[in-house]
Every structure is written in C-alpha cells, then in structure tokens.
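Here is a short tour of one protein model. Look over the sequence and the structure first, then read on.

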Amino acid sequence: MKRYIYLIITLLTIGVSACTSPKQTDDKPTLTVSIEPLRYFTEAIAGDRFKVVSMVPEGNSPETYDPTPQQLVDQAKSKAFLRIGYIGFEQTWLKKLQDNAPGQPFYDLSKGVALMAGSCSHEEDNAHNHAHEGVEPHIWNSVKNARIIANNIFQALSEIDNEQTPYYQHRLDSLLQVIDNTGKEMDTLMENADRTFLIYHPALTYFARDYRLNQISIEADGKEPSPAHLKELIQLCREEQPKIIFVQKEFDTRNAEIIARELQVNVIPINPLSYHWNEEMINIAKALSNP
C-alpha cells in the first residue's frame, strides 16, 4: 500500500513540476511573408534557421485582407518581410508595414518574373479599392515562376544571413528539384487536358499562359458579375464549351453554381492559396485532365 501511495505522490510531483516550469520559447528569428504558398517556399529554403509566418491566413482573401494589431506587432520584430509583389493587401499596406518596422528589409519576390497584364481590383468599399497598376498578381501559380520565386528567396536569405549561404544553397537545390518534379507530373497530365476552363476569380492566369489555356473569369474587374455579364458569359461558354468551373473558398460561389446548372458543367473547388503548393498545382492539372 505504501508503495502505491509513493507512486501517486511521485506522479503528482512530476505533474506539478511540468505545469509550473517555465515554457520553452522559440528564440529563432522570424521572417514574415505575405501568403501561405510563399511560406511553403520560404520554409523549404530557410530550414531550421528561421521561423516563417504568413500575414494572410489561409481562407482569407489576400486582395482585401487587413492585418490585425497583433500581426503588426509581430511583423515589426521580423528580420525581413518577403512579399509576392502585387497582391491587393500588399499594395494597400506596403507603406504602412514599412513605417511599422523602420529599417526592416522588404523583398519583392516578383523580381525577374515576366509579368502579365491584369486587374484584380475590388470595390467592396472605398478602403478596399485595390488596383494593381495593371499587373496580374497571382505569379506563384506557375512552375516557371516558382523557380524564380525560389531563387529570389535564396538571394534574400543569403543577404540576411550570409554566413549560412551554403546551407540555403543546398536547400534551394532540393526545392528546385521538387518544383521540377511537380512540373514534369503536370506536363504529363496536361497532354490531353481540356483547353478552356471557367474560374470565379482569375487566379490561374500564369498557369493558363504556361499551358496555352483559355481562362474565362466569372468576376468582372474584381466585382460580382452583373446579370448582363452573366448572360454574356453563358453565351461565350456555349461557344467555347468549357467542362469545369473552378471556385475558391475565399469567394461567393453562387454565380458559378448558376452557370454550372445552365451549362451542365462540373464545379471544382481549388485552393491556389494553399500552403501545399506542389500538391495544389497537381490537383488543378488533374482536374483539367479529367473534365
């Protein structure tokens, strides 16, 4: 009996010690990035040298997102801010973020990308009237662009932490291999893919460019389509005969469902803002190859 009492006391002592001991803190320096796909690329290269946090949580639109006060506090403590280039919240918040962290280096990871014309302006209210100076911002949804983004991240990390450049180079090489393998799998899938697709928000412009596809956007300049525009879309689709409509969870899908019923095409949910960039790219290619 005494043995059991002793065992109970010992377990209680261990439990109390665990509860009262100071929590271990992650003392690694932080890098802030704009969006989750960018966190995927950055973590792949940074390894265990940095903690990487994304400003826009998954499930939120990076076109209209406003950082929380706590995010601004955390961002001010970061070693650097890595931005994708032209996404809406960056255009609205860039000056404020720079003022929030004087001296913090900001890196534009679109450097070297062959940018396409486009607009994702949003007019929900005056504070969110975002126009990206005519630049199509969704550069990460492309294998070609992903290689450029990865190299830009490597250059940034080598500048921030130059003593570890060989470490970052090794990890960059591994990431580029993953990107290339993703591209090869996509190339095979896209050999017999449908050449035209509908999408609610035009996030696959660079993807469509790479594979010479026709992307038809339901949105009109970042706004809900009018009844007249919907009618025009349906007529266009009768001519082009797309077999699928891609929808993203950040946006209202009712108009996509109306068109899908009218044309009897499949509605396919996708997540171009997923952290798992390579998996999402392959999922999109699979959807197009099996309309």
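## A term to start with

A residue counts as buried when its relative accessible area is under 20%, and as exposed when that area is over 50%. The model shown here is predicted.

## The protein as a whole

The protein has 291 residues, and 49% of them are buried. Its secondary structure consists of 10 helices and 8 strands. The accessible surface is about 15,000 Å². Carbon and sulfur atoms account for 51% of that surface.

## Helix 2

Helix 2 covers residues 36-46. Of its 11 residues, 9 are buried, so helix 2 is largely enclosed by the rest of the structure. The buried residues are E36, P37, L38, Y40, F41, T42, A44, I45 and A46.

What do these buried residues pack against? Three strands take part: strand 1 (30-33), strand 2 (51-54) and strand 3 (80-83). Helix 5 (143-160), helix 6 (165-189) and helix 10 (277-289) are also packed against. After helix 2 comes G47, with a positive phi near 60°.

## Strands 1 and 2

Strand 1 and strand 2 run parallel and are joined by 4 bridges. T30 stands opposite K51 of strand 2.

In a regular strand, side chains alternate between the two faces of the sheet. Strand 2 has one covered face and one uncovered face. V52 and S54 are on the covered face. K51 and V53 are on the uncovered one.

Strand 7 (residues 244-248) pairs with strand 8 over 5 bridges, in the parallel sense.

Within helix 9 sits N255. Is N255 buried or exposed? Its relative accessibility is 11%, so N255 counts as buried. The side chain of N255 makes a polar contact with the side chain of E224, at 2.6 Å. Leaving out residues up to four places away in sequence, N255 touches I218, E224, P225 and L230.

## Nonpolar cores

In soluble globular proteins, nonpolar side chains tend to be buried together. The largest nonpolar core here has 65 residues. F207, F246 and L288 have the most contacts inside this core. Helix 5 gives the most to the core, with 8 residues.

Not counting residues up to four places away in sequence, F246 touches F197, L198, I199, Y200, L204, I268, I270, I284, A287 and L288. A second, separate core has 16 residues. Among its members are L230, L233, F251 and A256.

## Two loop residues with positive phi

R212 is in the loop between helix 7 (205-210) and strand 6. R212 is not a glycine, yet its phi is positive, near 55°. With a relative accessible area of 77%, R212 is exposed.

Where is Q264 found? Its place is the loop between helix 9 and strand 8. Q264 is not a glycine either, and its phi is positive at about 60°. Q264 has 74% relative accessibility, so Q264 counts as exposed.

Methods:
Residues are numbered from 1 along each chain as its sequence is written. This is a predicted model: local features need pLDDT of at least 70, side-chain atom pairs count only at pLDDT 80 or more; totals for chains, interfaces and linings use all residues. Side-chain values use heavy atoms; hydrogens and water are left out. Buried means under 20% relative accessible area, exposed over 50%, partly exposed in between (1.4 Å probe, protein chains only). Accessible areas come from the Shrake-Rupley method with a 1.4 Å probe; for residues, only the protein chains shown count as cover. Contact means heavy atoms within 4.5 Å. Two strands pair if DSSP finds at least two bridges between them. A polar contact is a pair of N or O atoms within 3.5 Å; within protein, one must be able to donate a hydrogen and the other to accept it, and residues adjacent in sequence count only if both atoms are side-chain atoms. A nonpolar core is a set of buried Ala, Val, Leu, Ile, Met, Phe, Trp, Tyr and Cys residues joined through side-chain atoms within 4.5 Å.
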